[in-house]
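Colleague: I have a structure open and want to talk through it. Can you take my questions as they come?

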Amino acid sequence: MNPIDKAARIATGVYLAPLLIVGQLFGSTLQEQNKATAKRAFEEILSHGRFDLAEQLYANDFVNHGLHSNASLEIYWTARGTNTGTGNGLPATGKKAELAGITIWRIVDGKIKEEWSAFDQLSMMKQLGLLPADK
């Protein structure tokens, strides 16, 4: 290899190495920030009913896509609670239920912009006494 090519490779390596390190650190930091946003949404808003925080964590143009969309990132969750009030077209039953599901969020600039969720609705309906249990 001639000296000019060798110098060019060394210069390129010296230039790119810090960019790669900064990129990895930034990516890791961004990933940690997104995890913190997701954790706050689950814990503070969904678990503790702090709906006043929604504007801090959800984008103004937030979209919930429903069950029939494709996505690539996963957050698996388990929810437990007692059905004490009406909501989503379901009557209050006073019964406890536990269900598992997955919520996929696209987070942009620290705010949840899009959501895809799916959970075991059949099991929930049976636990709440809204459908007959298996025999």
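Colleague: Which residues touch the most other members in the largest nonpolar core?

Modeller: In this predicted model, Ala-41, Ile-45, Leu-57, Tyr-58, Trp-105, Ile-112 and Met-124 do, out of 16 residues in that core. A nonpolar core here is a set of buried Ala, Val, Leu, Ile, Met, Phe, Trp, Tyr and Cys residues joined through side-chain atoms within 4.5 Å. Buried means under 20% relative accessible area, exposed over 50%, partly exposed in between, with a 1.4 Å probe and protein chains only.

Colleague: Which elements give two or more residues to this core?

Modeller: α1 (3-47) and β3 (96-108). Helices (H or I, at least four residues) and strands (E, at least two) are DSSP runs, numbered from the N terminus.

Colleague: What does Ile-45 touch?

Modeller: Leaving out residues up to four places away in sequence, the list includes Phe-51, Leu-53, Leu-57 and Tyr-58. Contact means heavy atoms within 4.5 Å.

Colleague: Before I go on, what are the ground rules for the numbers?

Modeller: Residues are numbered from 1 along each chain as its sequence is written, and side-chain values use heavy atoms, with hydrogens and water left out. As the model is predicted, local features need pLDDT of at least 70 and side-chain atom pairs count only at pLDDT 80 or more, while totals for chains, interfaces and linings use all residues.

Colleague: Fine. What is the overall pattern along the sequence?

Modeller: α-α-β-β-β-β-α, which comes to three helices and four strands. Buried residues make up 19% of the 135 residues.

Colleague: How many salt bridges?

Modeller: Six, where a salt bridge is a side-chain nitrogen of Lys or Arg within 4 Å of a carboxyl oxygen of Asp or Glu. One of them joins Arg-80 and Glu-98, with the closest N and O atoms 3.0 Å apart. That pair links distant parts of the chain, with Arg-80 in strand β2 (residues 76-82) and Glu-98 in strand β3, 18 residues apart.

Colleague: Is Arg-80 buried or exposed?

Modeller: Exposed, at 62% relative accessibility. Glu-98 is partly exposed at 40%.

Colleague: And what about Lys-35 and Glu-32?

Modeller: Their side chains meet in a salt bridge at 3.8 Å, N to O. The two are about one helical turn apart because they sit three residues apart in helix α1.

Colleague: Which residue does Arg-106 form a salt bridge with?

Modeller: Glu-114, and the closest N and O atoms are 2.4 Å apart. Glu-114 is buried, with a relative accessible area of 16%, whereas Arg-106 is partly exposed at 37%.

Colleague: Now Glu-115. Where is that residue found?

Modeller: In strand β4 (residues 111-119). Glu-115 is buried and has no salt bridge; Arg-106 is the nearest side chain of opposite charge, 12 Å away. For charge, Lys and Arg count as positive and Asp and Glu as negative, with His and the chain ends not counted.

Colleague: What joins the side chains of Glu-115 and Asn-64?

Modeller: A polar contact of 3.3 Å. The term covers a pair of N or O atoms within 3.5 Å; within protein, one must be able to donate a hydrogen and the other to accept it, and residues adjacent in sequence count only if both atoms are side-chain atoms.

Colleague: Last one: what is phi of Asp-109?

Modeller: Near 55°, a positive value in a residue other than glycine. Asp-109 lies in the loop between β3 and β4 and is exposed, with a relative accessible area of 77%.
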